[in-house]
Amino acid sequence: MTADRADGTSADPSQAPGEPRGVPRHVACVMDGNGRWAARRSLPRTSGHRAAETTVIDVIEAARTAGVEWLSLYAFSTENWQRPSSEVDFLMRLVRRVVRKHAALLHARGIRCRFLGVADPRIPVPLARDFADLMTLTSTNRGMTLTVAFDHGGRGDIVEAARSLIRSGVPADAVDERRFAAHLPFPDTPDVDLVIRTSGEQRISNFMLWQVAYAEWIFPQVLWPDFRAPHFLECLHAYRQRDRRFGGVTPYTNGEPHP
Ligand code: IPE
Ligand code: IPE
Ligand code: MG
């Protein structure tokens with residue numbers, strides 16, 4: 001059985017799309033545990049967010065050099081607006097500083113950067129402008145695509161896609177998964193193969209709900225600010241041992257050619 005993916009490739013295990021060496025094509029990280037990292041050091045939660053910057057850069061480089069084609073990082077959820085305004089303000093300032101500081105390096109590495117989010121008016125205008133500038137600067141890069149999910153919610157994306165689909169006037173009977181997915185933001189994004197959620201929490205927290213439908217999940221105990229390239233490579237190794245069936249009966253072990 002062949003399941004069509006949103007990007008038009010096939011999820012038929014025998015074709016092992018984009019995984020010639022068992023490297024997941026699309027890795028997504030729920031960067032969790034910053035607050036607990038800080039609490040364990042009797043520091044304010046903001047210190048944990050600040051410490052997360054090193055991990056972000058390490059993971060981007062580890063993914064790129066491992067041959068991951070798509071890396072998505074969950075940086076701020078639509079639910080995170082509920083946090084104290086001092087923490088939200090800090091995150092807005094921190095993300096802007098990180099984007100500006102690393103823009104040239106990301107571009108030099110050939111990384112195409114995207115920001116996936118609803119663009120709430122509460123996002124400071126200078127930050128929104130820096131996001132747009134980095135997307136424009138790197139839009140023709142052909143290296144890894146880095147998607148930063150910021151002000152993102154998976155359910156919200158699906159509702160928006162439904163609105164867009166209805167507006168387009170497609171008759172109900174003509175709606176299928178491929179047509180629907182074409183109305184999601186960045187519809188060329190392939191399905192997620194591997195989700196890594198640090199800090200031991202085991203939940204989705206409204207992350208890329210459509211795209212993770214058949215992802216493998218790994219939940220390292222390590223907190224995000226302590227997560228480094230070797231942890232990331234361990235996750236890739238664990239992924240290679242996993243069997244994927246996509247609802248069929250023939251297991252496909254990542255990294256091994258299918259008979
Ligand atoms: C993840 O770390 C970062 C964001 C959600 C922005 P947390 O801030 O959720 O850290 P914990 O879960 O409280 O430890
Ligand atoms: C998910 O982490 C969002 C990000 C990592 C940006 P949270 O820490 O906000 O999720 P919950 O509240 O534990 O589900
Ligand atoms: Mg958390």
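**Around Ala52**

A: Leaving out residues up to four places away in sequence, Ala52 touches Asn34, Trp224 and Pro225. Contact here means heavy atoms within 4.5 Å. The model is predicted, so local features need pLDDT of at least 70 and side-chain atom pairs count only at pLDDT 80 or more, while totals for chains, interfaces and linings use all residues; side-chain values use heavy atoms, without hydrogens and water. Residues are numbered from 1 along each chain as its sequence is written, with chains lettered from A and ligands numbered from 1 in the order in which they are written.

Ala52 sits in helix α2. Helices are DSSP runs of H or I with at least four residues, strands are runs of E with at least two, and both are numbered from the N terminus. Is Ala52 buried or exposed? Ala52 counts as buried, at 7% relative accessibility. The cut-offs are under 20% relative accessible area for buried, over 50% for exposed, and partly exposed in between, with a 1.4 Å probe and protein chains only. For distance, take Gln82: Ala52 and Gln82 are 30 residues apart in sequence, and their C-alpha atoms are 20 Å apart in space.

Stay in helix α2 and move to a charged pair. Arg64 and Glu61 form a salt bridge, with the closest N and O atoms 2.7 Å apart. A salt bridge needs a side-chain nitrogen of Lys or Arg within 4 Å of a carboxyl oxygen of Asp or Glu. Helix α2 spans residues 45–66, and the two partners, 3 residues apart, are separated by about one helical turn. Arg64 is partly exposed at 27% relative accessible area. Glu61 is partly exposed too, at 26%.

Now leave the helix. Asp193 and Arg244 also meet in a salt bridge, at 3.1 Å from N to O. Asp193 lies in the loop between α6 (177–181) and β5, and Arg244 in strand β7 (residues 243–244), so the pair ties together parts that are 51 residues apart in sequence. Both ends are buried: Asp193 has a relative accessible area of 1%, and Arg244 has 2%.

Glu201 and Arg36 give another salt bridge, with closest N and O atoms 3.0 Å apart. The partners are 165 residues apart and link distant parts of the chain: Glu201 in the loop between β5 (194–197) and β6 (216–218), Arg36 in helix α1 (residues 34–39). Glu201 is partly exposed at 22%. Arg36 is partly exposed as well, at 29%.

Ser199 is buried at 8% relative accessible area. Asn206 lies in the loop between β5 and β6 too. Asn206 has a positive phi of about 65° and is not a glycine either. Asn206 is buried, at 14%.

Arg242 is in the loop between α7 (229–241) and β7. Arg242 counts as partly exposed, at 26% relative accessibility. Beyond its neighbours within four places in sequence, Arg242 is in contact with Glu216, Trp217, Ile218, Tyr252, Thr253 and Asn254. Arg242 and Val56 are 186 residues apart in sequence and 25 Å apart in space, C-alpha to C-alpha.

Last, the whole chain. It has 7 helices and 8 strands. Of its 259 residues, 49% count as buried. The radius of gyration is 18 Å, which agrees with the value near 18 Å for a compact globule of 259 residues. That radius is taken over C-alpha atoms, and the globule rule is 2.2 Å times the number of residues to the power 0.38. Along the principal axes, the C-alpha atoms fill a box of roughly 50 × 45 × 35 Å. Among contacts with a separation of 6 or more, 73% join residues 24 or more positions apart. The salt bridges number 21 in the structure.
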